[in-house]
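Please keep the structure open while reading.

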Amino acid sequence: MRNIELAPVLRAANPWWSRRSRASWVVGDPELATRARHEWVPATAGARAMLGNLLAHPRPGTVTLVVGPRGVGKTTAVKDVVAHLVAEPATDPRRVVLVPVQRTEVDGLTAVLAPADLATVVRAPTRTGAPACDGARVLVLDEVGAVAGWPQVVTDAHRRGDQVLVTTSVLEPADVAALAAAGVPAVVHHLRPASLSEILVASPAGAAQDVRTAYLRHGGLPRALAEHRDLGDVGDELVARVAAGLHLDVCRGEDGCPVDRLLAAVCATTGRFVEPREIARTLDLPTSRVAVLLDRLEHAHVLDPRRGLVDPLLHRLPSLVAPGLHPCPSAQHIATFSR
């Protein structure tokens, strides 16, 4: 993309640059507005406690990674940080730059920045729409794992003295090694779906069996918990977003990549361990290909190879996305093969 094309993308993602929107942007922000409608308070409190040292004021020269599966609330958590920073009178809001590495276009399709575009935005924000400012910037790179070579971009920003806050659903060992080799002291925070025991503690008034039954249906993603409480089930929008995100994380633009069938096959594994050969036979794919896809599921934090899918909603996801193709697994099966 040319700089003139990147500029409106960046301006739309950073409404706090406008004096009129500095305080009001949180009301219309999609993620924060959704949380306001359907909030699971323990998740909000946990994320704020985890990122508490970033809330008060900018911390130049630091790198923080917020890692977790799709739908766990990473974007909402970092926007919480941004809201606190730009609301602080001592902070120049022009210093705060949120880069939507993945964004949803008006046609509903997901667009991803090219590696060169990400490097350009981070290296020269003012050329791509950001206002000029004094001092180091706070760079928030949302879902950066979709772009190859992102550790180098983070390293360059760190060397300039910027504060870098990254969210990613995919964190591969090679990415961690690249940051370490460059001498970048990144702090990694993991956001995970709530477990049944955590939900029981947060629901002291509910009967344990009812809470367990609900959990095996909606899982532990914060929005799923809140929507089930408020609406009786998980909404279609959340299901679509989780499914689309997983497709990006696992398929990475490749054709013939059946994420729904892959999850269904993992869910149907008869043993306690995930076996690539059995899944390969089910999907009629080479075992080597299935092994790669399973590695990507693991790096996307939705699969524990020794214990199965990490959240009950993932077992139901294929049947929610394509109900005519995939039957919904039983609650007992989900209970047996969830982490």
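Glu31, Leu32 and Arg35 of helix H3 meet Thr75, Thr76, Lys79 and Asp80 of helix H6. By class, this contact of H3 with H6 has one nonpolar, two polar and four charged residues. The model is predicted.

How are such contacts described? Two packed helices are described by the angle between their axes and the distance between the axes. Here H3 spans residues 30-37 and H6 spans residues 74-87. Their axes come within 9 Å and cross at roughly 105 degrees. That angle makes H3 roughly perpendicular to H6, because 65 to 115 degrees counts as roughly perpendicular.

Thr44 belongs to helix H4, residues 41-50. Is Thr44 buried or exposed? Thr44 has a relative accessible area of 8%, so it is buried, the cut-off being under 20%. Beyond residues up to four places away in sequence, Thr44 touches Arg35, Glu39 and Asp80. Arg35 lies in H3 and Asp80 in H6, and both take part in the contact of these helices.

How many cavities of 30 Å³ or more does the model hold? The count is three.

| Space | Volume | Lining by class |
|---|---|---|
| Largest cavity | about 70 Å³ | nine nonpolar, no polar, two charged residues |
| Second largest pocket | about 320 Å³ | nine nonpolar, four polar, four charged residues |

Which residues line the largest cavity? They are Pro69, Arg70, Pro193, Leu221, Val242, Leu246, Val302, Val310, Asp311, Leu313 and Leu314. Helix H13 (236-251) and helix H17 (312-321) each supply at least two residues of this lining.

The second largest pocket is lined by 17 residues. Closest to its centre are Gly145, Ala146, Val147, Ala148 and Arg252.

His218 is found in helix H11, residues 208-218. At 5% relative accessibility, His218 is buried. Neighbours within four places in sequence aside, His218 contacts Ala224, Leu225, His228, Val234, Asp311, Leu313 and Arg316. Among these partners, Asp311 and Leu313 also line the largest cavity.

Definitions and conventions. Residues are numbered from 1 along each chain as its sequence is written. This is a predicted model: local features need pLDDT of at least 70, side-chain atom pairs count only at pLDDT 80 or more; totals for chains, interfaces and linings use all residues. Side-chain values use heavy atoms; hydrogens and water are left out. Axes are lines fitted to C-alpha atoms, for helices over the stretch in contact, and angles run from 0 to 180 degrees between N-to-C directions. Helices (H or I, at least four residues) and strands (E, at least two) are DSSP runs, numbered from the N terminus. Angles under 35 degrees count as roughly parallel, over 145 as roughly antiparallel, 65 to 115 as roughly perpendicular and the rest as oblique. Contact means heavy atoms within 4.5 Å. Ala, Val, Leu, Ile, Met, Phe, Trp, Tyr, Cys and Pro count as nonpolar, Asp, Glu, Lys and Arg as charged, and the others, Gly among them, as polar. On a 1 Å grid over the protein atoms alone, a cavity is a set of points where a 1.4 Å probe fits but cannot get out, and a pocket is an open set with protein on both sides within 12 Å along at least five of seven lines; lining residues have an atom within 4 Å of a point. Grid points are joined across faces, edges and corners, and a volume is the space filled by probe spheres set on the points. Buried means under 20% relative accessible area, exposed over 50%, partly exposed in between (1.4 Å probe, protein chains only).
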